[in-house]
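Here are my notes for your read-through, in numbered points. Keep the structure open beside you and look up each residue as it comes.

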Amino acid sequence: MDSSRGPKARFIPAQGNALGKRYKNRPSPVGACQSKRARVPRAKPFGFLISNFEFFPPARLTYSLAVLALVALFATPATLHAAPVVASTPKLVSVVRVNATDQAWDFFHPWTKHAPYSRRGLGAVLQHGEVLVTAELVENANYVELERAESGERVPATVVAIDHEADLALLKPVDDHFLNGITPLRITDAVVGDHLQVWQLETTGALLITDALLTTVEVGRYPEDDVSLLDYSLTTSLQYRDGSFTLPIVKGGKLAGILLRYDTRTQNANAIPAAVINHFLADAAGKNYGGFPRAGLLFSPARDPQLRRYANVPAMIAGGVYVTHVENGSPGEQAGIKEGDILLSVAGRNVDQDGNYNDPVHGKLSLINVISLQTAGSTVPFKLLRDGKVLNLNVTVQHRPADSYVIPPYVIDKAPSYYVLGGLVLQELSREYLKEWGSDWEKKAPERMVYYDHYQSDLFQDGRKHLVILSQVLPTEDSIGYEDLGALVITKINDIPLTSIADVPKALEHPINGFHKIEFEENPSVIYLDARAVSEHLDDMMKTYGLPAVSQTE
């Protein structure tokens with residue numbers, strides 16, 4: 001379940017993510033069990049930027065007024081925004097520096113990568129000799145190392161588990177004795193009103209502690225598109241320090257969260273909470289990592305009396321939300337949930353008219369949280385109302401892999417698929433490709449491609465695994481006259497329908513009268529390439545453009 005994947009913010013070292021824009025509310029294309037909320041696209045690395053952080057929409061500023069009023073009544077301004085304190089230099093602190101050299105693939109030239117860039121953050125030392133960081137710190141990493149705060153000693157590390165949607169990664173040093181003597185952090189929950197600490201390190205290795213007030217606990221948007229999980233909102237006054245891409249949030253000497261975003265203008269921060277961290281760690285400890293599951297539903301509030309009468313909701317039933325969409329092939333559809341159903345409870349938790357339930361720790365939370373914190377593959381009871389009758393259905397919730405989308409929401413830690421045919425660059429459409437247009441990709445990328453991405457769950461129910469597009473044309477002897485073509489969806493090659501880039505090699509085995517016939521959704525509806533000439537000029541084309549291979553289709 002998900003409320004609808006976005007730029008993240010934090011102190012940004014070289015090639016960090018750029019933030020700082022407000023985005024429009026619009027329906028989400030591939031929601032999992034979600035209400036309609038603003039969707040914040042995930043930014044690409046842009047360089048050394050400190051002050052360009054996320055600008056939260058008003059919906060994210062729903063602070064608990066009662067708690068804040070009590071805090072304001074008994075707290076002085078100094079306690080709310082206390083100056084950072086440099087702790088006396090401890091011999092051993094429960095964090096290590098994490099240095100990563102990352103190198104993302106270039107989706108405009110899918111046979112190569114962008115220039116490498118460095119990121120530096122703090123990792124929380126946990127039990128079993130492991131270190132917890134955000135996934136973005138080590139995504140597309142060529143090399144990762146750990147550095148002890150008190151001595152500067154360094155050692156390479158491996159990524160043993162990573163979840164790009166929860167933005168969490170678990171590292172392990174190659175030297176099993178590297179973390180000896182460091183007391184691991186235990187994990188604890190936090191509630192609204194708690195005074196927490198954000199840990200940073202000075203260049204000397206001394207611990208820099210900044211107070212933070214936990215103002216809100218709610219389901220919020222995570223950096224990867226179409227992902228919403230439990231989220232902490234805090235107010236704090238962080239100072240810039242080198243290596244602040246990932247920072248631990250601490251309560252009473254225990255780990256309460258990991259910094260996710262920070263806005264220097266409003267001094268608002270978001271953090272990954274203990275509940276999400278514990279789910280990730282428990283899953284990572286198993287044989288197969290299952291991820292955070294979904295049900296594949298969209299819902300909207302059911303406060304309108306006319307809507308409730310239309311849905312035949314008896315007056316005695318006070319709660320429930322209206323199911324507006326059920327994804328094709330989703331766990332919800334397989335269990336029998338239909339559009340127009342009224343969802344009354346999930347896993348024994350009653351749902352109110354806004355889609356919230358009463359959490360024993362945090363109070364009102366979105367029902368999305370109930371689903372996302374289940375174990376993938378587990379059976380969850382759903383209580384619904386259909387035509388005035390109560391239904392009890394068991395839904396086997398599952399995580400939906402990015403590759404299962406027609407247009408994958410992210411392609412990380414793997415090479416993009418492509419095929420270069422006589423200078424025509426064929427590849428699969430993904431959101432990673434669209435984001436090559438920059439942080440404002442939703443406006444600058446080809447309009448039709450953005451439209452397909454946004455509404456793919458409604459548009460593509462014809463069995464296609466992925467969309468194959470002609471992204472650009474490299475000028476060659478064989479592509480004369482086609483140089484200006486680009487951003488076109490390919491439907492067939494040699495009369496063979498394409499369901500993914502893997503179909504291209506087989507289709508090319510059957511030229512029609514000596515020509516490769518390539519058909520598109522838009523004009524030009526069809527073009528032709530001389531099959532024999534394309535084959536004869538292959539080596540020259542690869543040498544001219546420095547192609548390591550003519551294709552990558554796995």
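1. Start with serine 366. Leaving out residues up to four places away in sequence, serine 366 touches Val219, Phe299, Gly355, Asn356 and Tyr357, where contact means heavy atoms within 4.5 Å. Serine 366 is found in strand S22 (residues 363-366); helices (H or I, at least four residues) and strands (E, at least two) are DSSP runs, numbered from the N terminus. Is serine 366 buried or exposed? It is buried, with a relative accessible area of 14%; buried means under 20%, exposed over 50%, and partly exposed in between (1.4 Å probe, protein chains only).

2. A word on what you're looking at. This is a predicted model, in which local features need pLDDT of at least 70 and side-chain atom pairs count only at pLDDT 80 or more, while totals for chains, interfaces and linings use all residues. Residues are numbered from 1 along each chain as its sequence is written, and side-chain values use heavy atoms, with hydrogens and water left out.

3. Next, the barrel. Six strands make a closed barrel in the order S5-S6-S7-S10-S9-S8, with antiparallel pairing; two strands pair if DSSP finds at least two bridges between them. On average, neighbouring strands of this sheet are turned by 40° against each other, direction ignored. Helix H4 (residues 274-284) packs on the sheet and touches S6, S7, S9 and S10, and its direction makes about 55° with that of S10. For such angles, axes are lines fitted to C-alpha atoms, for helices over the stretch in contact, and angles run from 0 to 180 degrees between N-to-C directions.

4. Strands S8 (residues 141-148) and S9 (residues 154-163) run antiparallel and are joined by three bridges, with glutamate 145 opposite proline 156. Five residues lie between S8 and S9 in this hairpin, and glycine 152 in the turn has a positive phi of about 80°. S9 then joins strand S10 (residues 168-173) through six bridges, again antiparallel. That hairpin has four residues between its strands, and aspartate 167 in the turn has a positive phi of about 60°.

5. Now the core. The largest nonpolar core has 70 residues, and Leu132, Leu168, Leu234, Val276, Ile337 and Phe382 have the most contacts inside it. By definition, such a core is a set of buried Ala, Val, Leu, Ile, Met, Phe, Trp, Tyr and Cys residues joined through side-chain atoms within 4.5 Å. A second, separate core of 22 residues includes Tyr419, Val468, Leu488 and Leu498.

6. Phenylalanine 108 and tryptophan 437 are edge-to-face, at 4.8 Å centre to centre and 85° between the planes. Phenylalanine 108 is in the loop between S5 and S6 and tryptophan 437 in the loop between H8 and H9, so this pair ties together parts 329 residues apart in sequence.

7. Finally, a charge over a ring. The charged end of arginine 400 sits over the ring of tyrosine 405, 3.7 Å from its centre; the rule asks for NZ of Lys or CZ of Arg within 6 Å of the ring centre and within 35 degrees of the ring normal.

Note on methods:
Rings of Phe, Tyr and Trp (its six-membered ring) pair if their centres lie within 6.5 Å; planes under 30 degrees apart count as stacked, over 60 as edge-to-face and the rest as tilted.
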